[in-house]
Every structure is written in C-alpha cells, then in structure tokens.
Amino acid sequence: MEDRRSFTFWLLAALFSLFLLFLYGPTLTILVLSFQGPEGGLTFPMQGASLHWYRVLWEGVGVVDIWSAFRRSVALGLVVMVLTTAIALAAGYAFRRRFPGQGALFQLSIASLIVPSIVVSLGIALEFRLLDDTVKALGEAYDIAWINEGYTTAMGLFSSGLGAHLTWTLPFGLLIMFAVFNRFPAALEEAGRDLGGSPWQVFRHVVLPLIGPSLVGVALFGFTLSWDEIARTSQAIGDRNTLPLELQGLTTTVTTPEIYALGTLTTGVSVLVIGTAFAAIALWRRVRR
Amino acid sequence: MTAQVESVPLAAEQAAPAASAPRVPRAPLWQAAPLGLVLLLFFVLPLLATAVVSFWDYTEYSLVPDITLRNYREMFEGCADVSAGGCTTLRTYLSTFRLCAEVALVTVPLGFLVAYFLAFHVRGEGVRMALFLLCTAPFLTSNVIRMVSWIPLLGREGVVNQALLALRVVQQPQDWLLFSEFSVVLAFIHLYTLFVVVPVFNSLMRIDRRLIEAARDAGASAWQTLWHVVIPLAKPGIVIGAIFVIVLVMGDFVTIGVMGGQQIASVGKVIQVQMSYLQFPAAAAQAMVLLALVLLMIAVLTKLVDIRREL
C-alpha cells in the first residue's frame, strides 16, 4: 500500500512538473530569444547576445507609436485598478446584509463574467454608436454649434474602454470580496461597535486593517486583467488602441525578435506588479503584527 | 452573519435614537449602487442594444431602425440544404463546437490531476499555496504574449522541428505545428487549464479528509476512493471549470486569429469580421444566437450540479 501510494505521488509529481514546464517554458524561451544578437532571427540558434532588439524597440516599432499605447494602457490600468478596488469593496460590504435586488445583482455579476467577451464588446460598441447618433440628431434638430462642428464620438479610452474593462474586472473583485468576508471575524467588528465606534470608525480601525491584504489582491487583479485585456476592448476602444491590441496587430507584421523584446517587457510589467502586490501584502501583515 | 444582522438595529439606534420603527437599512443600497450602475451601463444596456439592433436593417452607410428578421434569415440561408454541405453558419458552429470539445477533453482531466496533486499529495500548507500560486500567476500575464511565445518552439525552424529532424523522426520540417488547428488547441490548453485547476482545487480542499480515511478503512482501493468519493465531491468544481473553458472557447476570436494564422473559422471571428465591415445588425444577430447557445449550454451543465449550494 505504502509503495503504491508513493508511486502515484511520483507519477503526479512528474505530471505537475511537466505542466509547470508547459506553462513557463514558452515565456522563458522568448525571454532568452529577446536578447538575440542583431543578426539573429525568430528562432534558435542565438546569434550572439545583445540588447539590440530592446534598443530597436526603444526607438519605436515602425508606424505604430508603441510608447503612447504603453502609456495609455498604464493609465487605463491604474484607473481600472482604483475603481475595481473601491467598487468591489463597497459591493462586498453591501452583500453582507440583505438588500432588495441582491440576488439579481449577484447573478448579473456572474453573467458579466461568463457572457462571451466579443458579445459584450459588440454591445458596448453598438450602445455608443446609438448614443452618438442620438447626440448628432439632437445637435442638428436644435442647431447646437459645438455638436455640429466638433462632436465625433463618445467612445474612448476612459468611457467605453473603461466600462468594457470594468465588466471583466469587477466580477473577479466581487468574488474575492465574498471569499474575504465569508472568513471575516465579525465578532471583532461587533466589539468595535459595542465600544462606541461609528460605522466609519469601525471600518477604518477594525475592518480595513484586517482586509487590507485582500484589497491589495483585488487591486492586483484590477490592474493586471486590464493591462492584458483584448477581447472586450477590441470593438469598444475607438481609434486609439491599448498596448495588447497593438501587440496583437504586431504579431502578423513584425518578423524580428523585436516582438519578443516587447513581449518580455510587457510580461516584465505584469511580474513587477505581482511582485509589488506580494511585497505590499507581506509588509502590511508585518506592520499589523 | 447572524450576529451581524442582530447588531444592525443597535447601530441604527445609536445613529438615530428617534427612529424606532424597524426599517430597511439604506447603507447596503448605496454601497451596491456603483456596481449596479457599472453593470447597467456597460453590460445590461449593451446587451439590450444588441438585441434591438439585431432586428434592424442596414445599408452600406447606416443603420436603419426596423423590425426585420433579415439578419437572422441571412444567417441561416441554405442551412436546410444538407447535400450542398450545409451553410457557412452551420459549418462555423460545428468547427467551433469541435474546438470546444477538443479543448475540454484535455483541460478538464489535466486540470483535475494538477488540482488533485496539489490538494491531496502536497504536504504542508506553505508549499501547497506556493505551488498553487505558481500555477495561477500566468493568468495575470498577457495572453497574446503567451501565444507569441509558441512561435520559436513550433515554427518551421522552431525547437520542436529541429528536435524531430535531429532525431530523424521526420524527414522534413512539419508545417502543421503552427498556424493550424493543432496550435490553436494547444494555445487554448496553455491558457485555460488554469480555469479548471482553480475551481476543482477549491472543491477538493473542501472535502472532509475523514471521508477518504473512511473509504480506505472500508476496504476501497485508491482507484475506488478516487472514483466513488473524490470525483463525485469534486463535481461542482469540475462543472464550473468546464463551463469556463467551453464559454471561453465558444466566444474566442483572438487565440483562433493569432494561433490559427487567421485561417480557422469560429463564431467569434465571424462577429469580428462583420463588425469590421460595419455590418452591425448582422453581427448583432450572430451575437444573439451565440449568447443563446452559450446560455443553453450553461443551463445544461448546471443541471448536472447544484452550483448555488457550493458558493
């Protein structure tokens, strides 16, 4: 019996290791290949090692202004991060008590997660198109100068784009808040209230310190999911693309290791954010102790 | 939870001693309002807009408000004529279903085994959490980059072909490895196995370990325990994982586009192409049919398990 169990263990351990290799191998491959020498191509062998392709990348990729896409994605990611954390926290708080429409709101959040992204994206595009048509019709009907001269569309990074990202990040944020509050020691909160704390004081001095690390987790999801989002953004962004959309376009046009350099850089940002989040969680825990 | 509900009137009393009648607390409504508003503006209204526009007519330049079945009719034109190979829509759906099946058949068992190893074979909570995070971290990095990273491995001059040639398994570089259905399925497995691992792991961690011991004490073999105890108890996680994978593949156009070299048909891709030609009502009708099918599949899958009890 002991023998057989340990055999199963090694078998599964081997499978698990292969799975990890499968997960990380390709990414590590392009990390290595991004340091390809100037003569090198998209595959092995390495023709020397250099930072050549990072230099090329720094100078800009052809016609696409990759760095402004980079900045747009960072800005959008940060806004999505802040809004996701705040909205998910408030909603998580609300779901601890009963309120009318609770069930519907929960089901809507789950639906927002599982409805295919292309459908959501198309819907937002149509919604904004109808809005634009309405605004333009109003402009003509009432002869409103600024609409007739200047208005093109309400679609954009921080309107339709932001909304598209929130439909994706908020359900994750809400589910994390559920997990947090399910394990929350409500007695501590009650003690705070019994000692005369106002709802705000109880939140600030009892709840927030306890759930802080989880909020960092929600923020992490908010930023990284937005940073990499393509499917929901694709139809709903207007004419100025985010970084992942530019990247998707580049996969068909760029045939040099430059794309690996860009890929490594993008992954680097994600890893940096994940690392920062974990450091923040560890720090928070240590300070509390 | 109960303690909390009981203490609410207390807080209300402190805040407003004059109000004596029990009332619905307002705070949760305000706290939930931002979430509700975002979902209303960017989820409910867009879906309504899609439903409405799917019945509109269109010209090359504009949308024409109408109530017509033109878009749905055009979508299924010639579908009844099986001798001619069916219609494009039917073929597209069949090819999308095939992709779903292929991906689910690999990701569900693979995800289960990974989760099973983590939950039942790894000892020590710290190691378990570290390995779990190692499995989930790639979810937070870019999908497109993870697709691109298969190019140096699967390309004509890639690592796999080099190895196959060196080992004399093949005489010529293989073309079917990249920009093919194979690479699409491989990329899906690469990206989405995680969506099975997480819910199954969650289900497995909830299993009372005494049940496993009881099964063993009652003389069950390792296989019998797995088949009659572990898998039935892990079913909710398995179903949730399967739903995720199937829905993600059904609506996909990015992975199929990048890894299929823009050659493979899928429903998501059809919608994207129609959007790019500004045929919004046609795309809306496609989206409605896709949505209905996806909801139907979820309904069937959830019949297999009572998900509500698991949350």
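Which helices do the buried residues of H10(A) pack against? In this predicted model, the partners come from both chains: helix H3 (66-94), helix H9 (199-228) and helix H11 (258-288) of chain A, joined by helix H6 (143-148) and helix H12 (254-259) of chain B. The buried residues themselves are Leu243(A), Pro244(A), Glu246(A), Leu247(A), Gln248(A) and Leu250(A), in a helix that runs over residues 243-253 of chain A.

That brings up the meeting of the two chains. Here 70 residues of chain A are in contact with 71 residues of chain B. On the chain A side, helix H1 (residues 2-33) of chain A gives the largest share, with 16 residues. Sorted by type, the chain A side splits into 45 nonpolar, 18 polar and 7 charged residues. As for the predictor's own scores, the complex gets an ipTM of 0.88 and a pTM of 0.86.

Next comes chain B taken by itself. Its secondary structure amounts to 15 helices and 2 strands. Of its 311 residues, 39% count as buried. If one takes the contacts in chain B between residues at least 6 apart in sequence, 65% of them link residues at least 24 apart.

Now for a pair of helices. Two packed helices are described by the angle between their axes and the distance between the axes. In chain B, the axes of helix H5 (residues 125-136) and helix H9 (residues 181-206) come within 10 Å and cross at roughly 150 degrees. An angle over 145 degrees counts as roughly antiparallel, so that is what H5(B) is to H9(B). From H5(B), the contact is made by Phe132(B), Cys135(B) and Thr136(B), and from H9(B) by Leu194(B), Val197(B), Val198(B) and Phe201(B). These contact residues divide into 6 nonpolar, 1 polar and no charged.

A couple of backbone angles in chain B also deserve a look. Most residues other than glycine have a negative phi. Arg168(B), however, has a positive phi near 60 degrees, and Phe179(B), also not a glycine, has one of about 55 degrees. Arg168(B) sits in the loop between helix H8 (159-166) and H9 of chain B, and the loop between H8 and H9 of chain B is where Phe179(B) is found too. Arg168(B) counts as exposed because it has 7 C-beta neighbours inside 10 Å. Phe179(B) has 19 such neighbours inside 10 Å, so it counts as partly exposed.

Finally, there is the database record. An unreviewed UniProt entry lists residues 32-56, 103-122, 129-151, 176-201 and 280-301 of chain B under "transmembrane region". In the model, residues 32-56 of chain B are 88% helix and 0% strand, and the end C-alpha atoms are 35 Å apart. Residues 129-151 of chain B are 65% helix and 0% strand, with 32 Å between the end C-alpha atoms.

How values were computed:
Residues numbered from 1 in each chain as written. Chains lettered and ligands numbered in written order. Predicted model: local features only at pLDDT ≥ 70, side-chain atom pairs only at ≥ 80, totals over all residues. Axes fitted to C-alpha atoms, helices over the stretch in contact; angles between N-to-C directions. Helix = DSSP H or I, 4+ residues; strand = E, 2+ residues; numbered from the N terminus. Parallel < 35°, antiparallel > 145°, perpendicular 65-115°, else oblique. Contact = placed C-beta atoms within 7 Å. Nonpolar A, V, L, I, M, F, W, Y, C, P; charged D, E, K, R; others polar. Buried ≥ 20, exposed ≤ 12 C-beta atoms within 10 Å, placed from the backbone. UniProt positions renumbered as here; feature names shortened; annotations may be inferred.
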